[in-house]
Each structure stands twice: as structure tokens, then as C-alpha cells.
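User: I would like to work through some features of a structural model. Please give the general idea where there is one, then the case at hand.

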Amino acid sequence: MSNTNLNIKQTLTRLNQNKLPSFSLAVDIQLPSQGITAVLGESGCGKTTLLRCIAGLEKDVRGHVIVNSEIWQNDDFYLPAHQRKTGFVFQDAQLFSHMTVKQNLAFAVKRSHTKVDNIYYTDVITTLGIAHLERRDSINLSGGERQRVAIARALLIRPQLLLMDEPLASLDAARKREILPYLLCIQRQFNIPIVYVSHSTDEITKIASHVLIMEQGKVVRNAPINEVFSVNNLPLNYAHETSSIVDAKIISRHQQWHLLEVSANGFSLFIEDTGQAIGDELRLRIHASDVSVALKEEQSNSIINKLAAVIRKIDIDDNKASLIIKADVTGSDSSLVAKVTRKSINDLKLKEQMTVWLQIKSVAILT
Amino acid sequence: MFLSDSDIDAIILTLKLASTVTFILLLLCTPLAYWLARTQSWLKAPVSALVAMPLILPPTVIGFYLLIAMGPNGPIGELSQSLGIGLLPFSFWGLVLGSLFYSLPFVVQPIQNAIEAIGTKPIEAAATLHSTPLSTFIYIVLPLAKPGFLSAAVLGFAHTVGEFGIVLMIGGNIPKETKVVSIQIYDNVEALNYTGAHTLSAVMLIFSLLVLLSLYTLQQQSKSAIFSVGR
């Protein structure tokens with residue numbers, strides 16, 4: 001895939017019955033056109049509307065949509081939805097109820113702008129594990145099956161961009177776990193950029209490479225996954241999500257202690273052995289509230305992961321009990337965030353540029 | 001109880017009229033009902049009202065105005081004369097025209113309801129699958145709205161069979177041209193031929209019962225079909 005961007009500027013105002021504005025969207029963003037970009041936000045924040053704007057499903061919207069330097073909308077041009085090379089996966093799948101699974105898939109194949117050969121077709125339906133469902137009526141599928149057919153159908157029009165609107169929201173936890181790996185898999189296998197809308201931080205931290213956070217029709221954060229939650233000024237609703245997300249690789253197994261040692265960008269951590277193989281890549285999440293700061297390497301406590309680091313930034317806010325400290329791990333490009341009480345910062349006389357020890361109480365394994 | 005030759009002529013004429021009217025109405029009402037189901041224009045209310053008028057107007061009123069309009073000095077009359085068709089009153093095609101107005105709401109409304117019940121979601125889903133609006137209409141809207149079209153056809157047909165007032169006003173009583181079953185029954189009663197009136201009335205009674213029975217069976221099936229869209 002080229003590294004050109006999705007360039008999206010959209011404004012839209014919806015009026016209520018009394019002709020007063022009830023919702024407005026104002027977005028001006030650049031997104032990478034590779035990997036999975038997650039759009040995160042509470043219900044009603046406009047994330048689905050943004051996705052519908054990209055797909056051409058919202059009529060009264062102004063601005064521009066430029067995808068891989070192809071203009072889909074500007075001031076005097078609006079490419080209708082059926083001519084945009086997007087695949088769209090709806091929250092409730094939207095399979096055509098009067099057709100079988102196979103007919104639903106054929107509907108897409110017939111209308112693809114690029115020819116769909118048998119190899120690609122087989123590849124899609126085997127990747128999504130739906131080959132055995134082809135003859136079924138689309139109304140007799142389980143929620144998870146339906147969603148997999150919908151994803152396959154969207155892939156079969158060979159889109160340049162796959163848009164997914166909370167595809168897991170209507171599924172139970174087990175079905176979610178069943179489908180999430182498929183998403184990573186199709187992104188890698190078909191090398192297609194995905195914009196993925198969700199209200200679930202859990203979901204998006206597992207799969208996203210880039211994250212947008214939206215609030216009240218506006219984008220409040222737009223950053224790669226490794227940076228998006230490691231700041232002190234997350235929107236209030238997401239303040240408890242302040243954390244560092246690091247991609248790591250398993251380097252050794254300590255069978256005796258049931259631990260794995262992983263290396264992440266120049267530092268290493270011990271995590272619980274959950275059965276992965278050496279060399280596997282993992283995504284880890286370290287919540288700021290699970291990291292404490294010590295002035296010297298503490299030997300007299302039970303914490304196993306301790307890292308030397310230099311404080312880069314201390315949040316300043318006299319109205320809070322705890323503040324976020326961002327520190328660069330010594331010998332690495334990574335930085336971690338720690339949530340520390342203002343009193344401790346004062347007592348320990350913590351300052352920017354000081355060398356300290358980060359003590360990590362727990363590491364969550366995301367994938 | 002046997003049907004006379006003129007009874008059979010009347011039945012054949014009625015069936016011919018009803019089929020012609022139903023066919024034309026399905027063609028005309030499909031785009032109209034689609035527009036009514038989807039539009040947000042202010043014109044929706046006035047157009048709906050006009051379409052529904054025959055539901056409450058006495059057929060004699062529609063017949064009266066049509067008679068004037070189709071007369072030598074009326075707009076339709078002038079048009080039909082300039083096209084070399086001649087005048088429409090007291091002809092089969094005059095009856096067809098009258099019946100089109102009379103049965104319009106019975107065809108528009110079931111189709112409109114069925115299209116409204118589909119909602120926008122399957123149509124949007126089709127658009128995201130690169131389906132042009134025409135292709136979406138043919139492959140998604142028509143099959144999903146099929147029960148509505150069937151109801152519309154049955155109702156339009158049956159309602160045309162049952163009309164009397166308009167026929168009396170603009171059709172008159174010409175055998176094989178405008179003398180439909182309802183007129184034939186009226187004639188029989190006028191002539192005190194009660195046996196003849198009984199026979200034809202019984203035919204109409206059974207016909208109506210069968211039509212309504214098929215309609216309600218259809219509606220029962222369509223409920224599950226229409227409301228399962230997108231689940």
C-alpha cells in the first residue's frame with residue numbers, strides 16, 4: 001500500500017424538529033492509509049457519522065474526502081456511495097434477507113470494480129471460515145456467522161478502504177473473541193487499510209495501529225496506538241485509560257517461575273507465561289496507575305519489573321490529587337507513564353530530567 | 001341458475017377492464033409509491049392527499065368531473081380528439097381512464113407501505129456494495145417489497161371489478177364495450193329479472209370472498225417477510 005493519507009475534512013449539522021442544531025460534526029484530519037485506524041468514542045460522539053461520511057452515506061455534509069489522492073468529495077464534487085471504493089461492515093451486518101449466503105457474496109462479486117477471481121474468492125471465504133455456510137439462508141445464521149459473512153461480502157468488492165461500524169457491538173464476549181483475530185488476519189492478508197469504529201477501548205487496543213478519539217462531533221486525539229493513551233490530557237471519559245502500549249517480542253522462557261521475558265524496544269520485562277512461543281510478538285499495556293516511581297532501585301519489595309528512566313514531563317495541575325509523569329526508559333526509545341500523587345511528587349522532590357526507577361506492578365497482555 | 005350470454009359478456013368485459021387497469025396502475029404507481037415512501041419534500045402531504053381522494057369521494061363525483069373533462073370541450077377530450085382517438089366517454093378506454101383514478105389509492109398505498117417497511121438500511125448496504133440505484137431497486141427493493149406488490153395487484157383488480165358509480169357516469173350501458181358486471185346486475189334488477197341478478201350477485205360474492213381471503217393470507221405471510229429484513 002502507498003503511504004499517502006486519507007485526508008478528511010467534514011462538517012455537518014443536524015437539526016432537531018424545532019430547527020435547532022441537535023448535533024454537529026466538525027472534523028479535519030489526516031489518517032494513515034494502512035493498518036487499522038480505530039475511531040473511539042462514546043455513543044453519540046459522531047464516530048459512526050464520520051464513517052458514513054467517508055462512505056458517502058451522509059448527503060448534507062460539506063468539506064472534502066481524499067483517499068490515496070483520489071478525490072471523493074470536495075466543494076463542487078460528490079462521488080455517490082456506490083462509486084466509492086469502500087467496503088462497509090454495518091453494526092447489524094445488513095445481509096440481504098431474501099438471499100442465501102452465497103447470493104449475498106455473489107451480489108458483491110458481480111459489482112466489484114476489480115475482477116474477483118476464484119483464488120481471491122476462496123481466499124476470502126476460507127480466511128473468514130464461512131465456506132460451509134454458503135448454502136444457508138442469510139436469516140438462519142448466528143450473530144458471529146452473520147458478521148463474518150458481512151465482512152467477507154465487503155472484502156469481495158475489493159475495496160481500497162474497509163470501513164467497519166462497531167461490527168462486534170451486537171455480539172457476546174465469546175463471539176467477540178472469535179471475530180477479533182479475523183480482523184487482524186484480514187488486515188495483514190489482504191493488506192487493506194481499515195477504519196474501525198468502536199466504543200470499546202479493550203477492543204481497539206488489541207487491533208488498532210492508529211487511534212482517533214472523538215467527543216461531541218470533534219476529534220480530540222489522533223495518534224499512533226503506542227502514543228494515544230500515554231498523555232496527561234486525555235478526555236475526562238478516558239482519563240482512567242492513561243497507559244503505555246508497547247509491542248514486544250518473547251525472548252526467553254523461565255520455566256521454573258512460569259515467566260516469560262520479553263523485549264520491547266530496548267528494555268525487557270517479565271510477564272506471566274501464558275503459553276506463547278519464543279519469538280512471538282505480543283502487545284502489552286501498562287496502566288499509569290500500575291506504575292510507581294522510586295528514587296533508587298528498590299530491592300526490598302516484591303516488584304519484579306523495575307526500569308531506570310529519566311522524567312521527561314510532569315503534569316501540572318494543582319486541583320488534582322494525582323498527576324501523570326512521563327519518563328523515557330534508559331537505553332530505549334520508549335517512554336512509560338506513571339500516575340503518582342501530587343504529595344509524593346512534592347515529598348520526593350521529583351523534577352523533569354531526574355533519573356528515577358519505574359516500578360511496574362502489572363502488565364496486561366493484549367494479544 | 002345459469003349465466004346468460006350477456007352475463008358472460010359482462011364478466012369477460014369486467015375481467016378485461018380490471019386486468020388492463022391493474023397492469024397500467026402497477027406501472028404508474030411503482031415510481032409514485034417509491035417517491036412517496038422515500039421523499040422528505042413538502043410535496044409529500046399534498047400528493048398523498050390527492051392520491052387518497054378517491055377513498056372518500058363518492059364515485060359519482062369523480063365520474064362527473066371526468067365526464068366533463070373527457071367531453072368535447074374538456075382538456076382530456078381536446079387532447080384525445082387532437083390525437084385522433086375521438087371522445088372517450090361511453091367507450092372502454094374511457095372506463096379504463098376513470099378506473100385508473102378510482103383504484104389509484106388501492107395500488108399506491110400497499111406498495112408505498114412495503115417500501116417504507118424496507119427502510120433505508122438494505123438500500124445503503126447495497127450502495128456500499130457498488131450497486132447503482134437502479135440495480136438496488138431491481139434486486140433489493142422489488143423482491144423485499146413483493147408482498148406489497150401482490151396486495152396492490154389484488155386490491156387494484158378487485159376494486160376495479162367492484163366499481164359502479166363511475167361506470168354509470170362515464171361508461172353508460174353498451175354491451176361488450178362498457179356494460180360491466182355491476183351494471184348488468186343493476187339492469188337485471190331494473191328489469192325485475194331477479195334470477196339473473198341473483199346469479200351474477202352470487203358470482204361477485206364468492207369472488208370478493210376469495211379475493212379477501214387471498215389478501216389476508218398474503219398479509220400474514222408478508223409480515224414475517226417484511227419485518228425480518230436485515231436481521
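User: Is A:Arg312 buried, partly exposed or exposed?

Analyst: This is a predicted model. Buried means under 20% relative accessible area and exposed means over 50%. A:Arg312 has a relative accessible area of 40%, so it is partly exposed.

User: Which residue does A:Arg312 meet in a salt bridge?

Analyst: Its partner is A:Asp328, with 2.8 Å from N to O. The pair links distant parts of the chain, 16 residues apart: A:Asp328 is in strand β18 (residues 322-329) of chain A and A:Arg312 in strand β17 (residues 305-314) of chain A. A:Asp328 counts as partly exposed, at 25% relative accessibility.

User: Which residues are joined into one network by salt bridges that share partners?

Analyst: That network consists of A:Arg14, A:Arg52, A:Glu58 and B:Glu124.

User: What should I look for in the nonpolar residues?

Analyst: In soluble globular proteins, nonpolar side chains tend to be buried together. The largest nonpolar core in this model has 128 residues, and A:Leu105, A:Ile151, A:Leu155, A:Leu162, A:Ile186, A:Tyr196 and A:Val211 touch the most other members. Helix α5 (residues 92-118) of chain B gives the most to this core, with 12 residues. Another core, of 30 residues, lies apart from it and includes A:Val246 and A:Leu323.

User: What is A:Tyr196 in contact with, leaving aside neighbours within four places in sequence?

Analyst: Its contacts include A:Ile36, A:Val39, A:Met164, A:Pro167, A:Leu183 and A:Ile207.

User: Where does A:Ser69 lie, with its positive phi?

Analyst: A:Ser69 has phi near 60°, a positive value in a residue other than glycine. It lies in the loop between β4 (62-67) and β5 (70-74) of chain A, and counts as exposed at 63% relative accessibility. A:Gln216 also has a positive phi, of about 45°, and lies in the loop between β10 (210-215) and β11 (218-224) of chain A.

User: What is the mean pLDDT of chain B?

Analyst: The mean is 88, and 95% of the residues of chain B reach 70 or more. Over residues 224-231 of chain B, pLDDT stays under 50. For the complex, the predictor gives an ipTM of 0.83 and a pTM of 0.83.

Terms used
Residues are numbered from 1 along each chain as its sequence is written. Chains are lettered from A and ligands numbered from 1 in the order in which they are written. This is a predicted model: local features need pLDDT of at least 70, side-chain atom pairs count only at pLDDT 80 or more; totals for chains, interfaces and linings use all residues. Side-chain values use heavy atoms; hydrogens and water are left out. A nonpolar core is a set of buried Ala, Val, Leu, Ile, Met, Phe, Trp, Tyr and Cys residues joined through side-chain atoms within 4.5 Å. Buried means under 20% relative accessible area, exposed over 50%, partly exposed in between (1.4 Å probe, protein chains only). Helices (H or I, at least four residues) and strands (E, at least two) are DSSP runs, numbered from the N terminus. Contact means heavy atoms within 4.5 Å. pLDDT is the predictor's confidence in each residue, from 0 to 100. A salt bridge is a side-chain nitrogen of Lys or Arg within 4 Å of a carboxyl oxygen of Asp or Glu.
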